[in-house]
Amino acid sequence: MATAKIEEYTGIVLQRIPQKEHDAMIRCLGECGLFTFYSRGALKMGTSAGFSTQELTLGHYNLIVSTSGSLTLKEGRIGHFFQPGSGLEGLLVAQLCLEYCAKCLSEEDASSLYPYLKGALEGLQQGNDPYSVAVMFLAKALSISGYGLEVGHCVNCGSKTNIVSMDIGRGGFLCGDCYFSLGGTAVDADELRIYRHAFRYPLEDLSRVIYPKIHAQAVLTALLRYFHDATGQKLRALDPMLKH
């Protein structure tokens with residue numbers, strides 16, 4: 001009799017999709033990309049499968065591989081459970097990160113975004129400002145998926161000086177001359193600095209950089225609207241934070 005093939009996977013749990021009464025399909029993102037497996041008893045209180053497949057868990061999983069390639073959990077253990085700080089806002093931003101990865105992330109971009117998902121959750125757990133983490137994560141997700149904004153020069157003439165506006169419809173910064181000739185909308189200088197940093201930051205900034213809150217809120221709202229307009233998909237995790 002053939003022995004079942006077992007493979008080891010490590011990843012962050014993005015989503016549990018109920019199956020039958022207590023089972024679930026578990027959607028994860030790891031260094032090698034997205035993977036999904038079937039877990040018996042995942043939704044049953046007090047089970048080892050339940051503990052190791054909670055959303056926000058960085059888990060290590062031994063998975064049975066069927067002849068068709070589908071995966072079923074044999075055993076799992078928790079490597080780390082991310083606990084966002086900053087109360088409800090931190091939790092909602094963590095959910096935004098999971099929502100994007102579970103619903104919007106393509107297979108080809110998945111492994112590239114994994115370090116930033118992990119970095120964002122670590123930043124939230126360390127108590128970094130949720131709005132700042134949300135802006136940085138979303139900007140990186142947009143860049144990786146091919147929707148990044150140009151923050152190095154004016155998208156109309158190429159000038160690197162006298163930048164006065166972010167024209168999301170045109171894809172990036174506008175200088176003063178082009179702003180007046182094209183009829184753009186002026187953008188606060190602090191918001192321009194946030195855009196410039198968010199589309200260029202190194203990974204470690206997810207746990208240490210804090211933007212001015214009022215300007216981070218404005219940039220975050222603009223990026224969520226841009227994402228919806230560009231892709232037709234709407235991220236809803238932050239609705240309780242951004243609706244006044």
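Analyst: An axis here is a line fitted to C-alpha atoms, for a helix over the stretch in contact, and an angle between two axes is taken between their N-to-C directions, from 0 to 180 degrees. The model is a predicted one, and the values below are computed from it.

With that in hand, helix 4 (130-144) and helix 6 (residues 189-198) pack at an angle of about 50 degrees, their axes lying 9 Å apart. Angles under 35 degrees count as roughly parallel and those from 65 to 115 as roughly perpendicular, and helix 4 and helix 6 are therefore oblique to each other. Their crossing is right-handed, and the contact is made by Val135, Met136 and Ala139 on the side of helix 4, with Ile194, His197 and Ala198 on the side of helix 6.

Helix 6 also packs against helix 7 (residues 213-231), at an angle of about 60 degrees and with 9 Å between the axes, which makes helix 6 oblique to helix 7. This crossing, too, is right-handed. From helix 6 the contact involves Asp190, Glu191, Ile194 and Tyr195, which meet His215, Ala216, Ala218, Val219, Ala222 and Leu223 of helix 7.

Most residues other than glycine have a negative phi. Asn162, which is not a glycine, has a positive phi near 55 degrees. Strand 6 (residues 163-167) then runs antiparallel to strand 7 (residues 172-175), with four bridges joining them, and Asp167 stands opposite Gly172 of strand 7. Four residues lie between the strands of this hairpin, in which Gly171 takes a positive phi near 100 degrees.

A second hairpin is formed by strand 4 and strand 5, with five residues between them, and Gly69 in its turn has a positive phi of about 95 degrees. Strand 4 and strand 5 (residues 71-81) pair in the antiparallel sense over nine bridges, and Leu63 has Leu73 of strand 5 as its bridge partner. Strand 4 is also joined to strand 1 (residues 5-19), again antiparallel, by eight bridges, with Ile12 partnered by Leu58 in strand 4. Seven of the nine residues of strand 4 (residues 57-65) are buried, so this strand is largely enclosed by the rest of the structure. The loop between helix 1 (48-52) and strand 4 holds Leu56, which has a positive phi of about 80 degrees although it is not a glycine, and which counts as buried because its relative accessibility is 5%.

The cysteines remain, and the model has zero disulfides. A disulfide requires two cysteine sulfur atoms within 2.5 Å, whereas the sulfur of Cys28 is 11 Å from the closest cysteine sulfur, that of Cys101, which is too far for a bond. Cys97 is likewise in no disulfide, since its nearest cysteine sulfur, again that of Cys101, is 7.0 Å away. Cys28 is buried, with a relative accessible area of 0%, and Cys97 also counts as buried, at 0% relative accessibility.

Definitions and conventions. Residues are numbered from 1 along each chain as its sequence is written. This is a predicted model: local features need pLDDT of at least 70, side-chain atom pairs count only at pLDDT 80 or more; totals for chains, interfaces and linings use all residues. Side-chain values use heavy atoms; hydrogens and water are left out. Buried means under 20% relative accessible area, exposed over 50%, partly exposed in between (1.4 Å probe, protein chains only). Two strands pair if DSSP finds at least two bridges between them. Helices (H or I, at least four residues) and strands (E, at least two) are DSSP runs, numbered from the N terminus. Angles under 35 degrees count as roughly parallel, over 145 as roughly antiparallel, 65 to 115 as roughly perpendicular and the rest as oblique. A crossing is left-handed if the near helix is turned anticlockwise from the far one by less than a right angle, and right-handed if clockwise. Contact means heavy atoms within 4.5 Å.
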